[in-house]
Amino acid sequence: MKIIIVGCGKVGSSLAEQLNQEGHEITIIDRVQRVVEQVSISCDIIGFVGDGVSYSIQIEAGVKEADLLIAVTDSDEKNLLCCLMAKKAGGCKTIARVRNPVYYKEMRYLREELGLSMIINPEKAAAQEMAKLIRFPSAIKVDTFAKERVELLQVNIPIGSKLHQCAVMDIGKRIGVDILICAVERKEEIIIPTGSFLLQEEDRISIIGSYQQVYHFLRKIGVKIPKVKNAMLIGGSRLAYYLTEMLLESGIQVRIIEKEKQRCEELSELFPKAIIIEADGTDKDVLEEEGLKRMDFFAALTNLDEENIMLALYAKKYSEAKVVTKVNHLRFEDVIEDLNLGSVVYPKYITANSILQYVRARQNSYGSNVETLYKIINNRAEALAFRIRPTCSIVERTFEELQLKENVLVCCIIRDGKVIMPRGQDVMKVGDVVIVVTTHTRLHDIEDILKER
């Protein structure tokens with residue numbers, strides 16, 4: 001696909017890199033020459049210096065031949081205007097990043113009136129990812145498929161667990177639950193396990209199954225599942241706004257510590273049921289006074305990664321809370337992942353992955369289409385949900401017949417609302433949603449899992 005990206009900040013540059021790696025023809029537009037040159041050289045793509053709202057700049061960048069324009073500048077208004085201009089000038093599909101809660105509440109109207117294909121909100125998407133952790137606070141990451149019928153969790157195997165030296169194929173007998181271990185992270189190695197693979201304590205595993213089965217599995221292997229009753233958020237940002245909204249809806253008491261008086265007043269009006277404290281959340285005396293040790297959930301949401309990291313380390317040391325850390329910059333992921341920060345959420349990755357999911361779905365719609373895409377295990381593997389269409393050539397063929405690529409695992413099938421863990425004699429049918437986990441990063445169609453393709 002020919003794709004134009006307007007805005008080369010953290011999201012735009014990350015998108016340019018990922019989409020370029022997937023073989024798309026990428027053109028970038030940004031007002032800062034240094035940024036354009038940097039991204040153009042690092043990704044080996046075409047760049048234009050100028051305002052993406054400008055009709056002449058869009059024409060020069062090839063909007064009339066483009067399949068998609070993605071506007072991810074720092075201004076919501078500019079992003080919407082860029083998409084409107086592209087729609088009029090070239091008729092291509094458009095995606096806009098919109099962060100303001102006021103605009104986001106009118107998302108349906110904006111999409112219809114401006115002809116947008118997609119609106120993405122990094123802060124809301126990050127808040128949704130954080131809120132999912134309430135279901136399983138002991139998990140490092142929680143993703144869901146098919147309207148939460150299927151859970152995909154990353155957890156560490158505790159020391160002394162009955163899973164130590166247990167073969168994957170024997171888990172059902174030993175634990176008595178119907179789940180699937182679809183990926184294992186052991187030190188620097190990522191493994192898509194076979195049935196004979198032996199698990200070890202302290203492995204980080206990705207498990208998939210229904211909520212009930214996953215819940216029972218965690219209990220039986222010694223992973224605690226505490227109930228979240230109260231939460232402390234440091235920083236009153238947009239992300240905190242969306243997360244507070246979700247936590248309050250779940251009946252959780254929310255306490256926000258924000259040092260700017262005006263923002264505290266705004267949050268107090270927006271959330272009369274929440275407790276808003278005007279104070280410096282990085283002050284350990286403040287954290288102690290406001291009851292950090294009694295919290296079940298703690299989220300570090302300031303605009304400084306360094307502050308968030310220090311806050312997370314402090315909360316992990318002095319409380320039993322589920323700790324979530326927001327990280328904006330992506331430069332030191334390997335170091336960050338080695339720290340005890342609880343669950344780390346990267347809003348920029350979430351945004352890029354949502355757009356990547358849309359692009360893959362648009363790129364191929366023959367035998368199946370990508371309905372959901374998650375990057376897992378530090379972006380080194382993917383979990384995808386494919387919707388099976390009538391034109392799919394592997395419909396009604398048993399899994400025993402299919403020759404799958406290495407490092408590809410078909411985890412489950414959702415059929416008529418039921419979750420099926422596939423065995424050798426099972427088949428895929430039209431209308432099924434099929435979930436696949438793989439270390440391959442360019443699956444666009446369910447048939448891409450086969451060796452012969």
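Predicted model: local features only at pLDDT ≥ 70, side-chain atom pairs only at ≥ 80, totals over all residues.
**Aromatic rings**

A pair of aromatic rings is described by the distance of the centres and the angle of the planes. Searching the whole structure gives seven aromatic pairs.

| Pair | Distance of centres | Angle of planes | Description |
|---|---|---|---|
| Y241 and Y242 | 5.2 Å | 75 degrees | edge-to-face |
| Y241 and F271 | 5.3 Å | 45 degrees | tilted |

The planes of Y241 and Y242 are at 75 degrees, so this pair is edge-to-face; the cut-off for that description is over 60 degrees. The planes of Y241 and F271 are at 45 degrees, so this second pair is tilted.

The pair of Y241 and F271 links distant parts of the chain, 30 residues apart. Y241 belongs to helix α10, which covers residues 238-249. F271 lies in the loop between α11 (261-270) and β14 (275-278).

Are these residues buried or exposed? Y241 and Y242 are both buried. For Y241 the relative accessibility is 6%, and for F271 it is 7%, so F271 counts as buried. The cut-off for buried is under 20% relative accessible area.

Elsewhere, one aromatic cluster is formed by F136, Y211 and Y215.

**Strands and sheets**

Strands of a sheet pair through backbone hydrogen bonds, either parallel or antiparallel.

E151 stands opposite G209, which is in β11.

Another antiparallel pairing joins β19 to strand β22 (residues 433-438), over six bridges. F386 has V434 in β22 as its bridge partner. Why is β19 described as largely enclosed by the rest of the structure? The strand runs over residues 381-388, and seven of its eight residues are buried, so the description applies.

E129 is found in helix α7 (residues 122-132). E129 is buried but has no salt bridge. The nearest side chain of opposite charge is that of K141, 4.1 Å away. Leaving aside neighbours within four places in sequence, E129 is in contact with K141, V345 and I350.

T351 sits in helix α15 (residues 347-363). The relative accessibility of T351 is 0%, so T351 counts as buried. Not counting residues up to four places away in sequence, T351 touches V11, I120 and P122.

E17 is located in helix α1 (residues 10-21). The relative accessible area of E17 is 42%, so E17 is partly exposed. The C-alpha atoms of E17 and E60 are separated by 22 Å, and the two residues are 43 residues apart along the chain.

Key. Residues numbered from 1 in each chain as written. Heavy atoms only, no water. Phe/Tyr/Trp six-rings, centres within 6.5 Å; stacked < 30°, edge-to-face > 60°. Buried < 20%, exposed > 50% of the residue type's maximum accessible area, 1.4 Å probe, protein only. Helix = DSSP H or I, 4+ residues; strand = E, 2+ residues; numbered from the N terminus. Lys, Arg positive; Asp, Glu negative; His and termini not counted. Salt bridge = Lys/Arg side-chain N within 4 Å of Asp/Glu carboxyl O. Contact = heavy atoms within 4.5 Å. Pairing = 2+ DSSP bridges.
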